[in-house]
Amino acid sequence: MTDPGDGITTIDTAKAHSARIYDYILGGKDHYPVDAAAAEQVLKVLPGARQAAHANRGFMRRAARLLARRGLRQFLDVGTGIPTRPNLHQVVQEVVPDARITYVDHDPVVLRHAEALLRGTPAGRTEYIQADVREPEKILAGAREVLDFDEPVVVSTIALLHFVGDDADPRGLLETLLEPLAPGSALMLSHGTADFDPATMAGIVEIYRANGVLLRMRSHAEVGELVAGLDLLEPGLVALEEWPHEPEDEALDTAGTPVYTCVGFKR
């Protein structure tokens with residue numbers, strides 16, 4: 001789960017970072033002791049956090065594959081996080097080899113791994129923008145150099161907006177990102193919630209807060225407000241476990257994952 005942060009370009013190894021905590025939970029190697037310590041606290045409170053993180057990645061793959069099969073060939077991935085195979089471009093370009101993908105993240109650790117993100121198919125194109133989700137105009141300006149806004153674009157915000165406080169107006173950020181895009185563009189979204197286990201998730205929020213990371217869990221109604229005005233693909237805005245699985249996806253136990261998911265289309 002990537003933290004939109006403040007646009008810094010140096011790595012503070014004394015302070016935990018949400019992208020590196022997430023990397024540890026996923027079993028990655030790109031984190032520091034402070035991130036591992038925070039992640040271990042999370043795992044003590046929520047033993048299923050590792051399973052939930054993998055389930056969230058599974059949703060990203062299924063949703064991206066579905067949209068690529070529907071003919072969408074341009075993706076803007078905001079809050080990319082530390083690369084974890086398969087990355088978005090690998091999923092999409094397997095279906096549409098000439099797909100174009102623009103990755104966006106502010107974390108310098110992600111920047112360090114940008115070379116891995118840029119290794120797409122010869123027919124396609126992948127690029128990386130270092131920017132904060134709270135800088136939508138900067139994101140759009142960079143994306144225009146790769147993506148054709150006269151054709152549909154998929155905006156991906158996977159496990160991102162629960163790191164954006166209400167004061168930053170997450171709905172407004174989404175509206176700004178989607179406004180210049182062609183009709184038929186889509187949004188892929190997953191968002192943490194405390195609806196299913198308020199006490200446990202309150203503990204998770206406190207762990208992140210104590211490590212200097214804002215975490216704003218939202219209810220079904222609150223997440224619904226973020227995507228209001230989009231035509232949601234069936235089954236709508238639902239718990240991750242309710243999102244349809246595909247035969248080629250690995251079996252993931254998604255039951256109880258504290259995440260809402262949806263795919264919505266711009267009219």
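Hi everyone, let's start with helix α8: its buried residues pack against β1 (74-78), α7 (136-143), β4 (154-158), β5 (186-192) and α10 (220-226). This is a predicted model, by the way. The helix itself covers residues 170-178, and the buried positions there are P170, G172, L173, L174, L177 and L178.

How far can we trust the coordinates? The average pLDDT for the protein is 90, and 93% of the residues score at least 70. Please be careful with residues 1-8, though, where pLDDT stays under 50. The model does give that stretch 39 contacts beyond four places in sequence, but where pLDDT is low, the predicted coordinates should not be read in detail.

Now to α7, one of the partners of α8. Its buried residues are P136, I139, L140, G142 and A143. Looking down the axis of α7, you find these buried residues within an arc of 165°, so they line one face of the helix.

Last stop: L214, which sits in the loop between α9 (198-210) and α10. Is L214 buried or partly exposed? With a relative accessible area of 44%, L214 is partly exposed. Leaving out residues up to four places away in sequence, L214 touches H162, F163, V164 and G165.

Thanks, happy to chat!

Notes: Residues numbered from 1 in each chain as written. Predicted model: local features only at pLDDT ≥ 70, side-chain atom pairs only at ≥ 80, totals over all residues. Heavy atoms only, no water. pLDDT = per-residue confidence, 0-100. Contact = heavy atoms within 4.5 Å. Buried < 20%, exposed > 50% of the residue type's maximum accessible area, 1.4 Å probe, protein only. Helix = DSSP H or I, 4+ residues; strand = E, 2+ residues; numbered from the N terminus. Arc of directions from axis to C-beta.
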